[in-house]
Amino acid sequence: MEEKEKVETAYDSSAIQVLEGLEAVRKRPGMYIGTTSERGLHHLVWEIVDNAIDEALAGFCTHIEVIIGKDNTITVRDNGRGIPVDIHPKTGKSTVETVYTVLHAGGKFGGGGYKVSGGLHGVGASVVNALSKWLEVRVYKNGNVYFQKYVNGGKPQDTLKVIDQCSSERTGTSVTFLPDEEIFTDTTVFNYETLRIRLRELAFLNKGLRISLEDEREADKKDSFCYEGGIREYVLMLNQNKTAIHPTIIDINGKEKDISLEVALQYNESYNSSIYSFVNNITTPEGGTHEDGVRRALTRILNKYAVSNGILKNNDDPLTGDDVREGLTMIISIKHPNPQFEEIVKFEVFLIAFFQSHLNDS
């Protein structure tokens with residue numbers, strides 16, 4: 001065996017480092033946001049937007065605003081319920097401060113805050129705070145405007161305070177942050193197009209939710225997205241420059257227990273397929289059991305349909321998965337409270353029933 005070079009320093013209690021609070025995030029940011037490049041910079045925005053989307057999934061938020069400030073800050077505002085402002089029994093701090101300064105604190109762990117959430121680890125808000133030069137949060141609730149500011153990687157300047165009054169009907173949360181250039185050494189400049197593409201995608205995936213984007217660095221640079229047709233309109237956009245084989249976009253949706261599923265598809269005359277799948281609004285580019293289940297179900301039900309209607313004879317080879325995917329544009333969206341444990345067979349049986357129902361009604 002090759003002899004290893006020994007570490008000469010002492011291995012005692014002094015060698016064990018304890019990182020307090022959010023120090024671990026700043027020490028190893030890549031563990032939490034993947035990278036500190038431009039992609040990681042924009043990941044900060046997604047973490048805060050995802051919290052607002054969770055409010056929409058729970059049925060309380062109808063409008064999300066994202067604003068790039070002239071000073072290259074990001075503001076995310078929503079009209080959801082607003083983060084709870086009472087004292088958290090475990091930390092002894094306000095719930096707002098707990099959410100923004102304690103890792104794995106949030107309404108995503110079965111406490112009744114959210115049945116379905118885009119992020120299940122509960123580190124989003126606190127990680128953004130840790131990697132920001134400063135962050136401000138305003139909560140509109142109970143006729144009051146609550147405010148707290150954090151600086152230098154998530155340190156509270158003061159406790160949560162009431163700084164103003166608002167309409168008793170107004171609720172929601174507004175978060176503004178400035179990324180820390182000591183962490184994001186490549187760039188701290190947000191790309192409007194990167195934000196626009198993802199926010200438009202989120203609007204497609206959340207039927208009826210309005211998402212607005214504004215860039216204060218340039219005059220009149222803004223977009224607003226709201227799609228009452230949801231992923232049907234997503235398929236329509238993807239196929240807008242292609243020749244559709246059938247004019248109707250097939251849209252199948254249903255719910256079983258706490259799992260909701262929607263599939264929208266349309267065939268076109270191209271040879272390539274465009275299949276995009278999402279779980280709780282998060283893209284799954286590598287697929288997964290949800291996408292495999294949809295593909296298998298589609299292949300199986302189209303074979304059954306072809307045989308039943310004499311399109312395929314008894315001696316003909318059945319359609320393969322490749323046959324079925326040719327020229328297919330399809331969006332798959334799953335909303336699942338515990339997505340990592342779903343079995344493919346459940347999705348397949350579930351989908352076959354819905355496809356069969358749709359084809360019988362056609």
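Modeller: Let's start with the contacts: from helix H3, the residues Glu 38, His 42, Val 45, Trp 46, Val 49 and Ile 53 meet Thr 194, Leu 195, Arg 198, Leu 199 and Leu 202 of helix H6. Keep in mind that this is a predicted model. Two packed helices are described by the angle between their axes and the distance between those axes. Here H3 covers residues 38-57 and H6 covers residues 192-205, and they pack at an angle of about 30 degrees with axes 11 Å apart. Angles under 35 degrees count as roughly parallel, so H3 is roughly parallel to H6. As for handedness, H3 and H6 make a right-handed crossing.

Now try another helix, H8, which runs through residues 289-308. Several of its residues are buried, among them His 290, Val 294, Leu 298, Ile 301 and Ala 306. After H8 comes Gly 310, which has a positive phi, near 75 degrees.

Finally, a word on cysteines. A disulfide is a covalent bond between the sulfur atoms of two cysteines. With sulfur atoms required to lie within 2.5 Å, the count of disulfides is zero. Cys 166 has 18% relative accessibility, and buried means under 20%, so Cys 166 counts as buried. Cys 226, at 24%, is partly exposed.

Key
Residues numbered from 1 in each chain as written. Predicted model: local features only at pLDDT ≥ 70, side-chain atom pairs only at ≥ 80, totals over all residues. Heavy atoms only, no water. Helix = DSSP H or I, 4+ residues; strand = E, 2+ residues; numbered from the N terminus. Expected span 1.5 Å × (residues − 1). Buried < 20%, exposed > 50% of the residue type's maximum accessible area, 1.4 Å probe, protein only. Axes fitted to C-alpha atoms, helices over the stretch in contact; angles between N-to-C directions. Parallel < 35°, antiparallel > 145°, perpendicular 65-115°, else oblique. Left-handed = near helix turned anticlockwise from the far one by under 90°. Contact = heavy atoms within 4.5 Å.
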